[in-house]
Amino acid sequence: MVTTNINKNECIVRIKSADARHCIGSGVLYTEENLGDRVYLLTAAHCLFEDADTFNVLRNGIVVDVFSTVNKKYEEVVVLDLCHNAVMLTEKTNDLAVVVLEKHIIDSLCPNLPVVKIVTTNADVNEIIALGFPKANNHQEVFTARTTWLNERVGTKQFVLQCETDLIEDYAGGFSGGGLFLQVNREILLMGIFARFLMEERGRQIYGQSFVDLNSLLVSKNLPEITFGYIGDGGLTEALVNSNVCQSIANLGPNFNPDLNLRTNIHKYMDAIIRNRRYRKELFKALDEWLNDLKFYGNISTCDDPI
C-alpha cells in the first residue's frame with residue numbers, strides 16, 4: 001500500500017473562484033532556489049477557465065487556500081489578472097497551468113515549504129498517490145486516492161491511472177489540478193497533475209498530465225525553469241545517488257583528499273538522461289558550432305567534443 005511522509009497540507013492547496021468562493025480545483029505549491037522571489041502553483045489549466053476544458057473564458061481571478069503552519073488553518077491568497085500571473089497549455093490532451101505567486105506571501109504562511117522533486121517518468125514504480133480537494137470530502141481537507149499505473153495516452157502528454165480508491169465521478173469534482181506523487185526509498189516525487197476522472201468499462205480511471213512541456217512553457221514566458229529530478233529502475237533517484245556518494249566518501253576515511261578526486265565525463269550522460277539546464281546549454285553550444293561549420297565549411301564539422 002502506498003503511504004506518504006510528505007506534509008500534504010503544506011504542498012496541496014484548494015483553488016476557489018474569486019467571486020463565489022466555491023472550490024473549482026486543487027493545486028501543488030512548488031519552490032526551489034532557482035525561482036527567486038516566486039513560488040509556482042501547478043494545476044490543471046481548465047481550472048482557470050469558466051468553461052473548463054473549452055478554454056474560452058478565462059476567470060477574472062482565483063483564491064488559493066494555503067495551509068498556514070503559523071496559524072494552523074487555511075488562509076486565502078487572492079490572485080487576479082490571470083493573463084499576466086499565469087501561463088498555460090490549453091488543450092484537453094495537454095492541460096497544464098503555472099500560477100506565479102509571491103514568495104514572501106507564501107513564506108509568511110508556510111515558512112518551511114517543502115521542496116519536492118519533479119520527474120517525468122515513473123520508471124518501474126506502479127503505485128501512485130493522488131492528493132487533492134474533491135467533493136468526496138466536501139472539499140474540506142486533502143483527500144488521498146490510491147492509484148495504479150496503466151499506460152501512457154498515445155499521442156498526448158498524459159498518462160492513465162487506475163483509481164483503486166472507492167470514488168465516483170460525481171464526487172471527483174475539485175480533484176482536478178491535484179498532485180500525483182510517487183514514493184521511492186522514502187522520497188516523495190511529483191510525477192504529474194490530476195487532469196480528469198472517468199468511469200470506464202475497466203473501472204475508475206484518472207488522466208494524469210505530464211510535466212514534459214513545463215520548462216518550454218516557462219521559457220516562452222521568460223520565467224525561471226524548474227529543476228527536474230530523475231528516477232530509474234530499482235529506485236534509483238538523485239537523493240539515493242547523493243546518499244551513496246557521501247557514504248562512499250565517508251568510508252574512504254581521513255586519507256581522502258577532494259583535490260585528488262578523479263573526474264570523469266560520465267556526468268554528461270546523466271545530464272542527457274534528465275535533460276537538465278547543463279545538458280541544454282551544451283546541446284545548444286554544439287548545435288551552434290555545427291551550424292557555423294556548415295555555413296563556412298560545407299558539411300565538414302570541426303566540433304570534436306560530443307555531448
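Author: Glu 141 is exposed, because its relative accessible area is 52%; exposed means over 50%, buried under 20% and partly exposed in between (1.4 Å probe, protein chains only). The model is predicted, so local features need pLDDT of at least 70 and side-chain atom pairs count only at pLDDT 80 or more, while totals for chains, interfaces and linings use all residues. Residues are numbered from 1 along each chain as its sequence is written, and side-chain values use heavy atoms, leaving out hydrogens and water.

Glu 141 lies in the loop between β9 (127–132) and β10 (143–152); strands (E, at least two residues) and helices (H or I, at least four) are DSSP runs, numbered from the N terminus. Residues up to four places away in sequence aside, Glu 141 is in contact (heavy atoms within 4.5 Å) with Gly 132 and Phe 133.

Glu 201, in the loop between β13 (187–200) and β14 (203–209), counts as exposed at 88% relative accessibility. Glu 225, in the loop between α4 (214–220) and β15 (231–232), counts as buried at 17%. Beyond its neighbours within four places in sequence, Glu 225 has contacts that include Glu 32, Asn 215, Arg 277 and Arg 280.

Pairing is the next topic. Side chains of opposite charge can pair when their charged atoms come close. The structure holds 10 salt bridges, each being a side-chain nitrogen of Lys or Arg within 4 Å of a carboxyl oxygen of Asp or Glu. One of them joins Lys 16 to Glu 76, with the closest N and O atoms 2.9 Å apart. Lys 16 belongs to strand β1 (residues 12–17) and Glu 76 to strand β5 (residues 73–80), so this pair ties together parts that are 60 residues apart in sequence. Lys 16 is buried, at 11% relative accessible area, whereas Glu 76 is partly exposed, at 39%.

Glu 76 also forms a salt bridge with Arg 21, at 3.3 Å from N to O. This second pair links distant parts of the chain, 55 residues apart, with Arg 21 in the loop between β1 and β2 (23–30). Arg 21 is partly exposed, at 35%. Lys 16, Arg 21 and Glu 76 are linked with Arg 14 and Asp 65 in a network of salt bridges.

A further salt bridge brings Arg 59 and Glu 50 together at 3.4 Å, N to O. Arg 59 counts as buried at 12% relative accessibility, while Glu 50 is partly exposed at 46%.
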